[in-house]
Amino acid sequence: MAAHQPAPDQPAPVSERGVIGWLRENLFSSWFNGLITLVTLYFIASLLIPLIDWALIKAVFSGEGPESCTPGGACWVFVQERLGFFIYGTYPDPLLWRPNLVFLLFAIAVVPQFLPISGGLRKWLAIYGVTLFPVAAYFLLAGGSFGLESVPTTRWGGLLLTLVLAYVGIIAALPIGVVLALGRRSEMPIIRGICVIFIEFWRAVPLITILFMASVMLPLFLPPGVTFDKLMRALVGITLFQAAYMAEVVRGGLQAIPKGQYEAAEALGLGYWRRMRLIILPQALKIVIPGIANTVISLFKDTTLVLIIGLFDLLGAVKSTLSDPAWDNVMAEGYLFVAFCFWVFCFGMSRYSHRLEKQLETGHRN
Amino acid sequence: MKKTLLTASLAVTGLLALGTQAQAATLDDVIDAGELRCGVSNGLPGFSQPDSDGNWTGIDVDTCRAVAAAVLGDSDAVQFIPLTAAERFTALQSGEIDVLSRNTTWTTTRDSSLGLNFTGTNYYDGQGFLVKTALGVESAYDLDGAAVCTQAGTTTELNLADFFRANDMDYEAVVFDTSEASAQGFDNNRCDILTSDTSQLAALRTQLSNPEGAEILPEIISKEPLGPVVRQGDDEWFNVVKWVLFGQINAEEYGVTSANVSDMLDSGDPNVQRILGTDGNMGEILGLDDDFMVAVLEQVGNYGEMFERNVGPDTPLGLQRGTNALWTDGGILYAPPFR
């Protein structure tokens, strides 16, 4: 007896599957949604088409000097010709291998963090990134020892300077911030008082004021002939400012840890530092990863404020060349280039923090 | 409020500057360091701007290079320190730089109360107006009711107000943050005229979408003598910086250029001989080598060459000598003699 064979399933009607189905469901589910979709599409198209036309199609990517640019399109030749200045500032030409080596060492620490490699190796690279690398980078960039020619910080510039400011700010502000956060929750009144005053003072002052004071007023209070390096003053200012913010972010994490954790740690007979290091901080820092990433990204962007004290960071370097009369108006190209560089780094940091969150996920999330 | 703050901080600066007046000899410090530290603007076309190789160029930059050539014999022995307008005087007072050459206008207040000395003028500037030719305006006195693009927080704004009030005219100020932004505003018809120092107007004009469609009006409404500045109280160094610039102007007057300086060493003209140090001891009494001007002229050139190279008619700025011509050519450049 022949078994009943049900007819094979018909594919869903063409209007319910594939691209068309998706479009119908998501963009044109009612006449009103359809209308909104069309209007939005119109706006996107009317913005994007001229932009792409200007930035890519009519743009000039290679050539010699201002003459090779066409009026209707972007003049990327400008960025290309000034790229050296945008990246290194006025760092002496024959010594460029030194910043290049620093970039390479930086890449060795950072790039593997985004690659699927073993966790142990990644951890060691990260440790190298915050210990050995900054020291090596300092000796390479500044010179003056190991037979390297000394390069004054006034000649550091461009992306190099931006990265120096941001990197030092980030790796110095986090530990200081953790200490301040712990201090603010300390039971010792003097320590707590000092931390509260420090945090509230630095948080209540705009960064621009701190930089300005450090660069304009501070030298007047020092004895004649004594000057600190301008970059050093800016670095100290940025670090202390960001440490105060970081402290409050970390304090948020400390407060989110249930009291039972503190008590359990105490019950184990651990001392204060071991309690914090082994039990409280690993949990607290994990909770505040998004907050830390936020602070770090805003620090990265805040480094552009050094423009007002005459340091040539990436934005400053680009800005100083925009008024070059040899070129027609290249403001848009210059600023887009800066925006692109900043986006790459900030987006990278954001992805890294997401990854870290996932990696440290232990299922406590509700 | 802002004004009180400014006055107060100026007073503080002045007081502190008084305290630091009796400083060690800058000339010896520069010779010891083997390098001149020169404060320049952070990007001003024709005056100080990094070129595509990252080298500083401009007339303010060359002024420093000339001093380095005179003192150290090498016009490249300069460390350029870009400074913003706000921090330039502090940097000089605190000893962070040896010379400030940053298109700084010589005024009474700055010369007297800030503990500074202006050593001379390397460019006579003045505030002017840029208008669109389509507007058909030929004189600044026809500008009643105009919308004026200007830069915030500068003396430009004050001069503008003075000029319109003095001539009983109305205007509407359209204020921008930077000079490039004000030029952009002018280009986009946000205003009828753009005002700034004429050297800057010439640079900004090249950035317009149609440079031919705009012209600079003949009226100059302010005096802006720009020149190098040193700390007050170090007369030896003051003399050196002052006489290097005078030397360059004198060299132009007597026809000594970077090209013919080696021939001129044999010149019989006593004026030329004193400039080049083949006769007299002008260098020695300044604390330099007698032939200090030879190095300056060989490596940087005379004033005219410095002008032509950075802001002259063949550069994108395309400025005429005008006021900055020698007194013998109808300008006001007049350097005291080497004697």
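Chain A contains 15 helices and zero strands, where helices (H or I, at least four residues) and strands (E, at least two) are DSSP runs numbered from the N terminus. The model is predicted, so that local features need pLDDT of at least 70 and side-chain atom pairs count only at pLDDT 80 or more, while totals for chains, interfaces and linings use all residues. Residues are numbered from 1 along each chain as its sequence is written, and chains are lettered from A and ligands numbered from 1 in the order in which they are written.

**Overall form of chain A**

- The radius of gyration of chain A is 27 Å, whereas a compact globule of 366 residues would have a value near 21 Å; the radius is taken over C-alpha atoms, and the globule rule is 2.2 Å times the number of residues to the power 0.38.
- The C-alpha trace of chain A spans about 100 × 75 × 40 Å along its principal axes.
- Of the 366 residues of chain A, 30% count as buried; a residue is buried if 20 or more other C-beta atoms lie within 10 Å of its own, exposed if 12 or fewer, and partly exposed in between, with C-beta atoms placed from the backbone.
- Among the contacts in chain A with a separation of 6 or more, 66% join residues 24 or more positions apart; two residues are in contact if their C-beta atoms, placed from the backbone, lie within 7 Å.

**A helix pair in chain A**

- Helix α7 (residues 158-184) and helix α13 (residues 289-302) of chain A pack at an angle of about 150°, and their axes are 9 Å apart; axes are lines fitted to C-alpha atoms, for helices over the stretch in contact, and angles run from 0 to 180 degrees between N-to-C directions.
- The contact involves A:A166, A:G169, A:I170 and A:A173 of α7(A), together with A:V296, A:L299 and A:F300 of α13(A).
- By class, this contact of α7(A) with α13(A) has six nonpolar, one polar and no charged residues; Ala, Val, Leu, Ile, Met, Phe, Trp, Tyr, Cys and Pro count as nonpolar, Asp, Glu, Lys and Arg as charged, and the others, Gly among them, as polar.

**The interface between chains A and B**

- In this interface, 31 residues of chain B are in contact with 32 residues of chain A.
- On the side of chain B that touches chain A, the elements giving two or more residues are α1 (2-19), β2 (49-50), β4 (78-83), α4 (88-93) and α7 (179-187) of chain B.
- The largest share of that side, four residues, comes from β4(B).
- By class, the side of chain B that touches chain A has ten nonpolar, 18 polar and three charged residues.

**Domains of chain B**

- Chain B is divided into domain 1 (2-124 + 225-329) and domain 2 (127-222), with bounds from an automatic or database domain assignment.
- The C-alpha centres of domain 1 and domain 2 of chain B lie 30 Å apart.
- Their contact takes eight residues from domain 1 of chain B and four residues from domain 2 of chain B.

**Individual residues of chain B**

- B:N103 is not a glycine, yet has a positive phi of about 25°; B:N103 lies in the loop between β5 (99-100) and α5 (108-113) of chain B and is buried, with 24 other C-beta atoms within 10 Å.
- B:D168, a residue other than glycine, has a positive phi near 55°; B:D168 is in the loop between α6 (155-166) and β10 (171-176) of chain B and is exposed, with 7 other C-beta atoms within 10 Å.
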